[in-house]
Amino acid sequence: MLPKFDRHTLLFSANSFAAAMLALYIGFALGLPRPYWAMTTAYIVSQPLAGAVRSKAVYRVLGTLLGAAAAVAFVPALVNAPVLLSLVLALWVGGCLTVSLLDRTPRSYLLMLAGYTAAIIGFPSVNQPGAIFDIAVWRVVEIGLGIVCATLTHSLIFPRPVGAVLKARLTTWLGEADHWALDVLKGQDAKAIARDRRHLAAAASEIRMLAVHLPFDTSRLRETTGVVRALHERMLLLIPLLSGLADRMEALREVRDARVRAALNTVVAWIEAGSPREQGLDLIERLNDLAAHRRGASWSNLLIESLLVRLSETVRALAEGHALMARLDNPDAPLSPGLDASTRAKGMRPMHADLPLALLSGGAAVIAILLSSATWILSGWGDGASAPVMAAVFCCFFAAMDDPVPAIKSFGLFTLASLPLSALYMFAILPAIDGFPMLLMVMAPPLLFLGLYIPDPKRMGAALAMLIGFCNALTLQETFSADFASFLNGNLAQFVGLLFAIIVTAGLRSMGVDASARRLLVRTWRGLSRLARARQAPEPAAFAAILVDRLGMLTPKLAEAGAHQDFVGVDALRDLRVGMNLVAVQTARPDLPPQSRDQLDAALDGVGDHFAALAAGEARKPSADLLTRIDAALLGLSIAPGASAVQGLSGLVGLRRNLFPEAPAFLPEIAR
């Protein structure tokens, strides 16, 4: 299938080719031993967005330096013990990979690159350990040259800023949040609401990853990183808020209370008017006053009170989101003191991390490298050093996937497909030309064409495999030599490493979409169990960040798993709502009267037991005893004074609705 030929794609391919050829030319001029490494690195570093190139470039340079230093430290000391050297290098790669997988930001490139750079430098240097320092220096220079050329080219020649793409995505997201809120308040059908929430959950993680590159961008938005971070926090909170609001509207079906109905209509009009902040503050105060006047033990009163509290929180989040969006458009736009302070807060919210899976990935890399090294050492294969190198590279490149094996196979297949083209160039075209201008002309057709596929996420892997395989197989150096035996032998070692990477990964690390989804669900359920049993509340945005991140990862997995029996009745968004309701309850708990607190603790312990049983695979439905505990806590809070009781009631009502959607209405006389 032909690639897209739009302006951005054509410009990206041209810039990438220019960066690669510039790196190759400078490599020739400096007399670097392997200038083609600089050319290949330029393609590996290139990204469609200029800020992404720079953010990854910084960490790649640091990772290359760290990996080179490790190789210099390991090889001379252990060169006389090849088995021990292989073990140390394998453990270094596996350890770096494990730590890098715990950080799903560009920072992870630092340690991942440090891992396999040590392998790239260390294994081929075994035959000449005295030159290890010079080899390491040349590798750093060659890789650094490719990084610098790619960074300069994509930054200076019609750069495509991250800021422009991020701002457009934020504007779309906030508009979709408004649309979801209107659908909920106007009583749209469940399909429309489900569509809205899928879009928002998936986009939240995407925006998070774009925002990571913003400090490295060239656009004006680089100076508003704090505003983007604060806006992203409101996005994280809006997903469970709007979902919980939909749940309460569904429970009430059609609100008949005239004052409440008028308040809902006012919120609809406010959103349609663009969610102005000043009117929003008045609306929040009105909703809170109305909630306070709805106190009562009847189930309908509790639902309405909970609805109004959640609606007030939603209005606040939307108002703050639109105020922050206005600040992105106009740096002088006013913000409240509290909101302005949040834009100056440091650090991004945490993301999902899976230590056991990261350890398993690192272990698979260690074993694959050791098996490749054993084949190389025991066979006395002179060119076999490429086998453990490629095993390290393949295990690292695809470690973040649920099942890396198909991607490794595909990469190997397209690398293999590049070899006939490489052979044609090496033995027919390159011997017939002379000089760099002619080299540039003959290299342009395949590289420019393959570069058109890199911006497409679905085809990027295949295009990069072809490009890397083609560039590396040519081994372009200042003095050209075409030796078919060396060409065949060197490339054969790559596929030995590929084979061991596939075998070990398939046996130890691969998991199907069902197992991956189950793993995420269990992590979520264990987290909810711990939160329920805790006696303090986490910071809402930080807690929502992890759950929304897992939701973004889990939603496509559940869709792919289909009607699998293990996932019947699973609703990841419901778990998110339960989590935020638990946060609300735990926040209110310290200010409650002792008797109400004891009843609440009993209910929370029951919720913790339920999710612990879910995680252990021992139960599917919450028990009748838990419903009794929640109703007893509802009764106690319904007569307790203060704003904390109102907040606790809202959270408990949400818990009851999400855990027992089919349960009869709460009846205070039965609860007594």
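The views show a predicted model, in which local features need pLDDT of at least 70 and side-chain atom pairs count only at pLDDT 80 or more, whereas totals for chains, interfaces and linings use all residues. Residues are numbered from 1 along each chain as its sequence is written, and side-chain values use heavy atoms, with hydrogens and water left out.

**View 1. The pair of phenylalanine 28 and phenylalanine 436**. The ring centres of phenylalanine 28 and phenylalanine 436 are 6.3 Å apart and the planes meet at 80°, so the pair is edge-to-face. Phenylalanine 28 belongs to helix α1 (residues 7–30) and phenylalanine 436 to helix α17 (residues 436–451), so that distant parts of the chain, 408 residues apart, are linked; helices are DSSP runs of H or I with at least four residues, numbered from the N terminus. Both phenylalanine 28 and phenylalanine 436 are buried, that is, under 20% relative accessible area with a 1.4 Å probe and protein chains only, where over 50% is exposed and in between is partly exposed.

**View 2. The pair of phenylalanine 394 and phenylalanine 411**. This pair is edge-to-face, at 5.5 Å centre to centre and 75° between the planes, and both phenylalanine 394 and phenylalanine 411 are buried. Ring pairs join Phe394 and Phe411 with Tyr116, Phe397 and Phe398 in a cluster.

**View 3. Helix α18 (residues 460–474)**. At 1.5 Å a residue, taken times one less than the number of residues, the 15 residues of α18 should span 21 Å, and the end C-alpha atoms are 21 Å apart, which agrees. Eleven of the 15 residues are buried, so α18 is largely enclosed by the rest of the structure; among them are Met466, Ile468 and Phe470. Just after α18, threonine 475 takes a positive phi of about 45°.

**View 4. Leucine 659 in helix α25 (residues 643–659)**. Leucine 659 counts as buried, at 10% relative accessibility. Contact means heavy atoms within 4.5 Å, and, not counting residues up to four places away in sequence, leucine 659 touches Val578, Val607, His610, Phe611, Pro622, Leu626 and Ile630. The C-alpha atoms of leucine 659 and serine 623, 36 residues apart along the chain, are separated by 9.7 Å.

Methods:
Helix = DSSP H or I, 4+ residues; strand = E, 2+ residues; numbered from the N terminus. Phe/Tyr/Trp six-rings, centres within 6.5 Å; stacked < 30°, edge-to-face > 60°.
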